[in-house]
Amino acid sequence: MTTIFETVKDYLQMNLDNEQKNPLHVGEVMSCWMYLALMDEATVYIQIGVNSTTDDEVKSLLIESLKQCESQGERFKEFMKKEGVHLPATSEERPDSDPNGVPLGVKLTDEEIMNGLSIKTVAAVVHCATAASQSIRNDVGSLFIQCLFEKMKYGTSLKNAMRKRGWIKVPPYYYPPGMPKQN
């Protein structure tokens, strides 16, 4: 049986090969520009997290996300340069440092680092889904869908690790008026 992912990939690939290359529309340009900025800024945040934690599991998840952000950022940089789109100015990368040398008053806890990473991952997923749905050119849509699936796969690992540690922030539960009470 064909999965939804294979169907989307086949559909986009079929249309990529035969598509007339119109210029990017302003929404596609803005989506690419914003996603590259998100990846570059997430990279800096993750580097700060790597420099702050001594937990091997947290460090491993951060490094996995860092590699993904760098890979996706490079794909967007190459695409945008080819299309003549200016790249966003972003923060400078952070050098390696000793986590034990970070003062406690400025050091994020592992839980804070992971929740920040979770928020950035969710923002990336939402941005990719929105941008893919608004893209007219199939190559742009395909680029966002590929990144979407990568982020969703990573997000599952991140959520499982956070759930295991009790770090997921859960909003209050909603019980509609008149709902029977559960025992």
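Student: What are the ground rules here?
Tutor: It's a predicted model, so to speak: local features need pLDDT of at least 70, side-chain atom pairs count only at pLDDT 80 or more, and totals for chains, interfaces and linings use all residues. Residues are numbered from 1 along each chain as its sequence is written, and side-chain values use heavy atoms, with hydrogens and water left out.

Student: How many helices and strands does the chain have?
Tutor: There are 5 helices and 0 strands, in the pattern α-α-α-α-α along the sequence. Helices (H or I, at least four residues) and strands (E, at least two) are DSSP runs, numbered from the N terminus.

Student: And what share of the chain is buried?
Tutor: Buried residues make up 37% of the 183 residues. Buried is under 20% relative accessible area, exposed is over 50%, and partly exposed is in between, with a 1.4 Å probe and protein chains only.

Student: Let's look at H3. What span should it have?
Tutor: H3 covers residues 56-83, and its 28 residues should span 40 Å at 1.5 Å a residue; the end C-alpha atoms are 40 Å apart, which agrees. The expected span is 1.5 Å times one less than the number of residues.

Student: Which of its residues are buried?
Tutor: Among them are Val-58, Leu-61, Leu-62, Ser-65, Cys-69, Phe-76 and Met-80. An α-helix has 3.6 residues a turn, so residues three or four places apart point the same way.

Student: What covers them?
Tutor: The cover includes helix H2 (26-52), helix H4 (110-134) and helix H5 (138-165).

Student: What happens at the ends of H3?
Tutor: Asp-55 caps the N-terminal end, with a side-chain oxygen 2.9 Å from the backbone nitrogen of Glu-57. Just after H3, Gly-84 takes a positive phi of about 80°.

Student: New topic: how much space lies in the largest pocket?
Tutor: About 250 Å³. Of its 15 lining residues, the closest to the centre are Ser-118, Val-122, Gly-155, Leu-158 and Lys-159. H5 gives the largest share of the lining, 7 residues.

Student: How do you define a pocket or a cavity?
Tutor: On a 1 Å grid over the protein atoms alone, a cavity is a set of points where a 1.4 Å probe fits but cannot get out; a pocket is an open set with protein on both sides within 12 Å along at least five of seven lines, and lining residues have an atom within 4 Å of a point. Points are joined across faces, edges and corners, and a volume is the space filled by probe spheres set on them.

Student: How many cavities turn up?
Tutor: The search finds 1 cavity of 30 Å³ or more. The largest cavity holds about 50 Å³ of space. Its lining includes Leu-38, Ser-65, Cys-69, Lys-120 and Lys-151.

Student: Is Ser-52 buried or exposed?
Tutor: Ser-52, in helix H2, is buried, with a relative accessible area of 8%. A polar atom of its side chain lies 2.8 Å from the backbone oxygen of Ile-48.

Student: What else is Ser-52 in contact with?
Tutor: Leaving aside neighbours within four places in sequence, Ser-52 is in contact (heavy atoms within 4.5 Å) with Pro-99, Lys-107, Leu-108 and Ile-113.

Student: Last one: where is Lys-181 found?
Tutor: In the segment after H5. Lys-181 is exposed, with a relative accessible area of 79%.

Technical notes: A polar contact is a pair of N or O atoms within 3.5 Å; within protein, one must be able to donate a hydrogen and the other to accept it, and residues adjacent in sequence count only if both atoms are side-chain atoms.
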